[in-house]
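Please examine the sequence and the structure below before reading on. The paragraphs that follow lead through selected parts of the fold, step by step.

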Amino acid sequence: MSAGGETAEETAKASVPIQAHVIDQPKRKKIINIVYLIATLDITWMFLQFSVTPYLAKKLGFDTLWLGYLQTMVGLIQLLGGPMFGRFADIFGARAALSLSCSATIVFFLLLAIASSPAMLFLHKVPTVFMHVLPASQMVVADLSEPDKRADALSKIGLCFGIGMIAGSTLGGQLNTRYGHTPPPRARRTGRIVIDENVIVVRCQPYHGENKSKSIFNVGEITRLLKFPGVMRTFVVKIIAGLPSGIFQVMFSIIAMEFFKLKPQQNGYLMAYFGITSMVIQGGVIGRMTARYSEGSLLLLSIGVSSLVGLAQAYMQNVFQFCLTVIPMMFALSTFNVITDSMLTKNVPSSDTGTMLGLCASVQSLLRTVGPTVGGFLYVNYGVSSIGLIQFVVNIAVFVYLLQRHFTKTAKQKE
């Protein structure tokens, strides 16, 4: 690595502890715990919505194609909003970013509560441009954690993700089965108000942005982060290796309804199973693995496991067989997302952590944008197995590339 590259990396790593110690240790721990609570609530209401929206869309006359358009719209809106939201957080601080995001989600659920037509179902997705509670939570945790403990701290947000997935999916399935499609949006609206109250409580959130005269729409300031050493390569790997699994995720609601023939309540139980698995992996496995193994090794492992998961999903025939793939699938997804986010934030200055996490969030939005279109085409023309086979081929290719690069780097170091 060049001297300039070493300077940038040292700056990125050295600047985090300085900011992290602006607030003393007990207060930092309290802030992080409150952020974990906010993230848990957010994920709960999000999965409550995931459990209900496909069935509500069906009731309003949506077919598979139009449901794909709805998901693509959300992905496109958040793809554009993610980097801008991250830039906003860097300039105005994570507390302001959390408040903005939770305000947008209140509007989102209010609109969903009154959605009684296809047009209203599309309209209620517009506020998602600012709905980035999870990335905002990651920004706070990344700012207040030491670089060597960042992956572990970020994995705890994954634990919150698992808890929220269990609670939201189970509650959504129960409400949908017992009361139809109207009460759940009202319940979600109440939940969003609770989240907003929690954001108000977080008064000690650090403002890590200092120059408020900068524009949040400065594309050059956003894209310049890709020029830091190692960022572009990791970013491209995050997109390419994450695309196939992203396609399966966005298509899962359709696969559950049409391929597995699951009812809303059964789908809720299955999502709760996802949540339990995610909670165990991110709460008890990833933290220990990051303390023992290098991030590069864990990245290779996650991509390799993901390729095998794709192969298994290509030949699954029923829900039981799919459930057997859930544990390695959640391990691969959780490890891959935590490690890539940690690697990317370490390679940029701490003043740009928000923008970098915004770019990371935009990757997920990109997957949700192209996923429904590509996934819908594959599912209709070639079946579920095609999605699994593509995941296998793509991830094996990325795995071989990274492994070859690792061996080349090791050989050069020995010389």
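Predicted model: local features only at pLDDT ≥ 70, side-chain atom pairs only at ≥ 80, totals over all residues.

A residue is called buried when its relative accessible area is under 20%, exposed when that value is over 50%, and partly exposed in between.

The structure holds two of them. In one, the side chain of lysine 238 meets that of aspartate 341, with 3.0 Å from N to O. This pair links distant parts of the chain, since lysine 238 belongs to helix α10 and aspartate 341 to helix α14, 103 residues apart. Is aspartate 341 buried or exposed? Its relative accessible area is 8%, and aspartate 341 is therefore buried. Lysine 238 also counts as buried, because its relative accessibility is 2%.

The other salt bridge joins the side chains of lysine 346 and glutamate 295, at 3.1 Å from N to O. Lysine 346 lies in helix α14 and glutamate 295 in helix α13, so this pair ties together parts that are 51 residues apart in sequence. Both partners, lysine 346 and glutamate 295, are buried.

The structure holds three cavities of 30 Å³ or more. The second largest cavity has about 60 Å³ of space. Which elements give two or more residues to the lining of this cavity? They are α10 (231-259), α13 (295-314) and α14 (319-346). Among the residues that line the second largest cavity are Ala241, Gly242, Ser245, Ser302, Ile303 and Phe336. By class, the lining has five nonpolar and five polar residues, and no charged ones.

A pocket, unlike a cavity, is open. The second largest pocket contains about 380 Å³ of space. It is lined by 13 residues, of which Gln25, Lys29, Ile32, Ser145 and Ala153 are the closest to its centre. Helix α2 supplies the largest share, namely six residues. Sorted by class, the lining of the second largest pocket has six charged, four nonpolar and three polar residues.

Alanine 94 is located in helix α4 (residues 94-113). With a relative accessibility of 0%, alanine 94 counts as buried. Between alanine 94 and glycine 354 there are 260 residues in sequence, yet their C-alpha atoms are 8.0 Å apart.

What is the C-alpha to C-alpha distance between glycine 268 and threonine 170? It is 4.8 Å, although the two residues are 98 residues apart in sequence.

Proline 147, by contrast with the helical residues above, is placed in the loop between α6 (133-144) and α7. Its relative accessible area is 15%, and proline 147 is therefore buried. The C-alpha atoms of proline 147 and serine 342 are separated by 8.4 Å, while the residues themselves stand 195 residues apart along the chain.

A further loop residue is lysine 261, found between α10 and α11. Why does lysine 261 count as exposed? The reason is that its relative accessibility is 60%, and the cut-off for exposed residues is over 50%. The backbone of lysine 261 also deserves attention: its phi angle is near 60 degrees, a positive value in a residue other than glycine.

Note on methods
Residues numbered from 1 in each chain as written. Heavy atoms only, no water. 1 Å grid on protein atoms, 1.4 Å probe; cavity = no way out; pocket = protein on both sides within 12 Å on 5 of 7 lines; lining within 4 Å. Points joined across faces, edges and corners; volume = space filled by probe spheres on them. Helix = DSSP H or I, 4+ residues; strand = E, 2+ residues; numbered from the N terminus. Nonpolar A, V, L, I, M, F, W, Y, C, P; charged D, E, K, R; others polar. Salt bridge = Lys/Arg side-chain N within 4 Å of Asp/Glu carboxyl O. Buried < 20%, exposed > 50% of the residue type's maximum accessible area, 1.4 Å probe, protein only.
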